[in-house]
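Welcome! Take a moment to turn the model around before you read on.

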Amino acid sequence: MWQPARTWIIIGRGNKAPDSVHLDLARADGVPVAQRPSGGEAVILTPRTLVVSAVRHTTAQHPSRHYFQSYNQAVIGALAGLGVRDLTLRGISDIALGDRKIAGSSIYRNRERVFYHAVLNVAEDPALMERYLRPPRRQPDYRLGRSHAEFVTSLAAAAYPLPIPVLPAAVSDPLAALLP
């Protein structure tokens with residue numbers, strides 16, 4: 001797990017930056033845009049988010065949905081252990097707090113490994129997403145056409161002001177238990 005030192009916009013493997021990002025605003029604000037090898041839509045990494053990652057080395061792989069469910073459930077369990085309530089798995093790969101997204105995850109796979117990663121919104125204002133990200137072309141059904149600001153929340157905004165330094169210790173053990 002790591003806490004980004006600055007703001008980045010990361011687009012998914014199948015995205016094109018002009019379709020996913022307000023590039024003029026990102027450039028004007030000096031926010032770099034990069035592309036990851038895994039799928040999914042664009043995300044924003046900031047010092048107020050936490051990136052969670054796990055690599056599983058295996059030649060006997062399961063469907064991606066299995067990994068999303070097991071890894072995201074481990075994150076949910078860790079957060080529940082810290083007192084966060086009303087967390088659920090939503091869409092293909094989201095963790096929601098009530099009906100609002102709090103984390104999105106993605107997977108990169110090859111024949112020998114599965115790389116899971118998620119961005120947990122600890123305290124970032126969804127207005128930042130609204131500023132830089134265009135509405136995604138693929139949306140989970142529970143989004144209901146809502147804007148980023150209406151669809152996403154943070155732990156802090158939901159009255160769970162957890163300091164980022166306590167989260168890695170809480171999340172590491174449940175994730176490690178999933179790895180061979």
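Here is a short tour, from the whole chain down to single residues.

## The overall picture

What you see is a predicted model. The chain holds six helices and eight strands. If you walk along the sequence, they come in the pattern β-α-α-β-β-β-α-β-β-β-β-α-α-α.

How does the radius of gyration of the chain fit that of a compact globule? For 180 residues, a compact globule would come out near 16 Å, and the chain has 16 Å, so the two agree. Along its principal axes, the C-alpha trace spans about 45 × 40 × 30 Å.

## Inside and outside

Of the 180 residues, 43% count as buried. The accessible surface of the chain is about 8900 Å², and carbon and sulfur atoms make up 55% of that surface.

Contacts tell you how the chain folds back on itself. Taking those between residues at least 6 apart in sequence, 70% join residues at least 24 apart. As for charge, there are 21 positive and 14 negative charges, and their mean positions lie 7 Å apart.

Now find helix 6, which covers residues 167-176. Which of its residues are buried? They are Leu167, Val171 and Leu175. Looking down the helix axis, these buried residues fall within an arc of 35°, so they line one face of helix 6.

The cover over these buried residues includes strand 4 (49-57), helix 3 (64-81) and strand 8 (113-121). On the face turned away from the buried side, helix 6 carries the exposed residues Ala169 and Asp173.

Most residues other than glycine have a negative phi. Asp86 is not a glycine, yet its phi is positive, at about 70°. Asp86 sits in the loop between helix 3 and strand 5 (87-90). Is Asp86 buried or exposed? Its relative accessible area is 54%, over the 50% cut-off, so Asp86 counts as exposed.

Ala159 also has a positive phi, near 70°. Its place is the loop between helix 5 (148-151) and helix 6. Ala159 counts as exposed because its relative accessibility is 62%.

Finally, Gly30 lies in the loop between helix 2 (23-29) and strand 2 (33-35). With a relative accessible area of 42%, Gly30 is partly exposed. Gly30 and Trp8 are 22 residues apart in sequence, and their C-alpha atoms are 9.4 Å apart in space.

Methods:
Residues numbered from 1 in each chain as written. Predicted model: local features only at pLDDT ≥ 70, side-chain atom pairs only at ≥ 80, totals over all residues. Heavy atoms only, no water. Helix = DSSP H or I, 4+ residues; strand = E, 2+ residues; numbered from the N terminus. Rg over C-alpha atoms; globule rule 2.2 N^0.38 Å. Buried < 20%, exposed > 50% of the residue type's maximum accessible area, 1.4 Å probe, protein only. Contact = heavy atoms within 4.5 Å. Areas by Shrake-Rupley, 256 points an atom, 1.4 Å probe, with all protein chains shown as cover. Lys, Arg positive; Asp, Glu negative; His and termini not counted. Charge placed at Lys NZ, Arg CZ, Asp CG, Glu CD. Arc of directions from axis to C-beta.
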